[in-house]
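Thanks for asking me to look this one over. Here are my notes, point by point, with the cut-offs given as each term comes up.

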Amino acid sequence: MRKTLARLADGREIIYFDESDRAGPPPADQRDLPPFQLRPAMRYDVVLGEWVGVADFRQDRTFLPPDDQCPLCPSTATRFTEIPASSYDVVVFENRFPSFAMVAAADEPVSLAIHDESRLFAQRSGAGRCEVVCFTADHDSSFSALSAERVRTVIEAWVDRTTALSALPEVEDVFCFENRGREIGVTLSHPHGQIYAYPFVAPRTQQMLDSARAYRERTAGDLFADVLAAEERSGERIVVRGDMWTAFVPFAARWPLEVHIYPRRSAPDLPALSDAERTELSWIYLDVLRRMESVFDDTLPYIAAWQQVPARADRDLARLHLRLFSIRRAPGKLKYLAGSESAMGAFVNDIGPDTAARMFREARG
Ligand SMILES: [Zn+2]
């Protein structure tokens, strides 16, 4: 795998991850773009104790363009896209419409830096980073159609980005993910994922750490090691078991189709994985995704979410894992997040987790 760094016309970084040597440096971006200087903000919700990003300029982002206007396809002699090269294997670049982006301290508007006296209206700049990861130059492909070799290259890109983004002093939590399908809210159909480097520990990460800490205080045990061992002993919800990874439907799954993939060895994040673990992960990931896609005779909208531990705090409390889940509950039918889930955060699952695991085991991998 060969990594090549370059800049787009507006100053954003682009990084090529090639499976074979690239002939010469990548071509320059020939577009005439204004300098990249967006100013996302975030506000503190004192009622729930969580930060909320505010990025109103994102309203103008590209929304479901026709295939011949895709900004993630390689550039051609007559059409310049976000990727100046005429072909690529995996490429990562800074999102043009980010929810979080770095702002130089001197540029930070005063109104973003101050807190009011009562601390009830706290706002600061959303100083993180958002990146786009293109999995293939083939517009009509999908993650599940990639080769295991290509998935391995994507894993290397995630490892590289997690390492680099975690080292930024502003960044607290790095989230690599893929949204797939219009039903999930995907605005570009070209196969791609995203990386959010948050300037705070994300609420779900915090909730998970709180559970793990409470479990350790109560039992002196490691919550993730014990959950994995219990699932393996039971076997009821195991979907696929490799030498280094286990995929299972969680006991209290909240989505109709949901599988978690855990490394058997404790690892805090993607960079901590060994070569052998990365290689096995590439086929286990494909196997699980293909099973999930073949359960219903329908396209599968899904979210693939890498849960990593925070960049600095509590790194020994939790374990890296992948959560794959879908809002598809039956062919042609979606589970909407309505009152109970959206307003109260209380999930009700339409498919029993034990039944879902049986469906996945019987499906084609
Ligand atoms: Zn495309």
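**Notes on the model**

1. Overall size first. For 365 residues, a compact globule would have a radius of gyration near 21 Å, and the protein chain agrees, with 21 Å. That radius is taken over C-alpha atoms, and the globule rule is 2.2 Å times the number of residues to the power 0.38. The C-alpha trace spans about 60 × 55 × 40 Å along its principal axes.

2. A word on what you are looking at. This is a predicted model, in which local features need pLDDT of at least 70 and side-chain atom pairs count only at pLDDT 80 or more, while totals for chains, interfaces and linings use all residues. Residues are numbered from 1 along each chain as its sequence is written, and side-chain values use heavy atoms, with hydrogens and water left out.

3. The fold in outline. The protein chain has seven helices and 16 strands; these are DSSP runs numbered from the N terminus, helices being H or I with at least four residues and strands E with at least two. Of its 365 residues, 52% count as buried (buried is under 20% relative accessible area, exposed over 50%, partly exposed in between, with a 1.4 Å probe and protein chains only). Among contacts between residues at least 6 apart in sequence, 68% join residues at least 24 apart, where contact means heavy atoms within 4.5 Å.

4. The zinc site. Which residues coordinate the zinc ion? They are C70 (SG), C73 (SG), H139 (ND1) and H190 (ND1), at 2.1 to 2.3 Å. Donors are N, O and S atoms within 2.8 Å of the metal (3.2 Å for Na, K and Ca); water is not among the atoms, so sites may look incomplete. The angles among the four donor atoms run from 103 to 118 degrees, making the site tetrahedral (for four donors, all angles between 85 and 135 degrees). Ideal angles for four tetrahedral donors are 109.5 degrees.

5. What the zinc donors connect. Their spacing along the chain is C-x2-C-x65-H-x50-H. C73 lies in the loop between β4 (50-54) and β5, and H190 in the loop between β8 (173-180) and β9, so this pair ties together parts 117 residues apart in sequence. C73 is buried, with a relative accessible area of 12%, and H190 is buried at 1%.

6. Aromatic rings. The structure holds 18 aromatic pairs: rings of Phe, Tyr and Trp (its six-membered ring) whose centres lie within 6.5 Å, with planes under 30 degrees apart counted as stacked, over 60 as edge-to-face and the rest as tilted. One of them is F100 with Y198, edge-to-face at 5.6 Å centre to centre and 75 degrees between the planes. F100 lies in the loop between β5 (90-94) and α1 (110-113) and Y198 in strand β9 (residues 192-198), so the pair ties together parts 98 residues apart in sequence.

7. V259 lies in strand β12 and is buried, with a relative accessible area of 0%. V259 touches, among others, V239, F248, M292, L322 and F360. The C-alpha atoms of V259 and F360 are separated by 9.2 Å, though the two are 101 residues apart along the chain.

Methods: Four donors count as tetrahedral if all angles lie between 85 and 135 degrees; four count as square planar and six as octahedral if opposite donors are over 155 degrees apart and all others between 65 and 115; anything else is irregular. Lists of a residue's contacts leave out its neighbours within four places in sequence.
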